[in-house]
Amino acid sequence: MRNKLRENKTRGAIAVNMLLAAVSLFINGFGIYLTIQANLGVAPWDVLNLGISKTLGILYGTASVAASLTILIIDMRMREPIGIAMFIDAFVVGKSVDFFNWLSIVPKCNSLVTGIPIMFLGLVILGYTQYAYMSASLGCGPRDTLLVGISKRIKSIPIGAVSIIILSTATFIGWLLGGPVGIGTIICAFAAGPIMQIAFRTVRFDATAVNHQRLEESFEVLVPRDAN
């Protein structure tokens, strides 16, 4: 049944997977919220989002949506595959963080003893929600697509090095804007990937085997030509 849903061949399958992507990305926002509440410095992209938020006096989520849409436009200009989940990602994650900030259910940590466990809990949640939303087969996030797009155009540089350059640039710009950089930034940069891989392994998920449906393909199913 899961394989049939993953193919997104019917309106029902796309609807189910859009819901899966939205719910998992909403929970993904809780993971990000925890890494912020750890109060040790945040992940590179969140340094940028929080820097924009502080500079412009806007909510984290609003800054995140603006950054995501900007990156999405770059992805489209590079003619990279765009899927429905990319738009869900752009809007849901950041506003989810705003929602949990509003609830204020986890106080900011004030020491390494409390901060590090909260940081790692957030990263574990991010790893499993990454699996859930990617399994919807409706596209990767704007930032992942940016990494792949740039890597395809600079083939002389390994994708790992391209990732470091992108993350370093996001961190530096965010730091200039007042985003929080600290030991948590280093933890996120080096631990997020391995934790995600462990999460994928525990559920036997191969991200490279997923055939993500493009936006135009989704519309072909949702609004078939013979319906006009």
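Modeller: Here it is; bear in mind that this is a predicted model. Starting with Arg-153, its relative accessible area is 46%, so Arg-153 is partly exposed.

Colleague: Which side chain does Arg-153 meet in a salt bridge?

Modeller: Glu-80, at 3.0 Å from N to O. Arg-153 belongs to helix H7, while Glu-80 sits in the loop between H4 and H5, so the pair ties together parts 73 residues apart in sequence.

Colleague: And Glu-80, buried or exposed?

Modeller: Buried, since the relative accessible area of Glu-80 is 6% and the cut-off for buried is under 20%.

Colleague: What else is linked with Glu-80 and Arg-153 in that network?

Modeller: Lys-152; together the three residues form a network of salt bridges. The Lys-152 side chain meets that of Glu-80 at 3.0 Å, N to O. This pair also links distant parts of the chain, with Lys-152 in helix H7 (residues 142-153) and Glu-80 in the loop between helix H4 (60-77) and helix H5 (84-103), 72 residues apart. Lys-152 has a relative accessible area of 45%, so it is partly exposed.

Colleague: How many salt bridges does the count come to?

Modeller: Three. One of them joins Asp-98 and Lys-95, whose closest N and O atoms are 2.9 Å apart.

Colleague: Where do Asp-98 and Lys-95 lie?

Modeller: Both are in helix H5, three residues apart, which is about one turn of the helix. Asp-98 counts as buried because its relative accessibility is 12%. Lys-95, at 35%, counts as partly exposed.

Colleague: OK, switching to packing. At roughly what angle do the axes of H6 and H9 cross?

Modeller: Roughly 45 degrees, and the axes come within 8 Å. H6 covers residues 112-134 and H9 covers residues 183-202. The two helices are therefore oblique to each other.

Colleague: Left-handed or right-handed crossing?

Modeller: H6 passes H9 in a right-handed crossing.

Colleague: Which residues meet there?

Modeller: On the H6 side they include Leu-112, Phe-120, Leu-123, Val-124, Gly-127 and Tyr-131. On the H9 side, Ile-187, Cys-188, Ala-191, Ile-195 and Phe-200 are among them.

Colleague: What classes are those residues?

Modeller: The contact of H6 with H9 has 17 nonpolar residues, four polar ones and no charged ones.

Note on methods: Residues numbered from 1 in each chain as written. Predicted model: local features only at pLDDT ≥ 70, side-chain atom pairs only at ≥ 80, totals over all residues. Heavy atoms only, no water. Axes fitted to C-alpha atoms, helices over the stretch in contact; angles between N-to-C directions. Helix = DSSP H or I, 4+ residues; strand = E, 2+ residues; numbered from the N terminus. Parallel < 35°, antiparallel > 145°, perpendicular 65-115°, else oblique. Left-handed = near helix turned anticlockwise from the far one by under 90°. Contact = heavy atoms within 4.5 Å. Nonpolar A, V, L, I, M, F, W, Y, C, P; charged D, E, K, R; others polar. Salt bridge = Lys/Arg side-chain N within 4 Å of Asp/Glu carboxyl O. Buried < 20%, exposed > 50% of the residue type's maximum accessible area, 1.4 Å probe, protein only.
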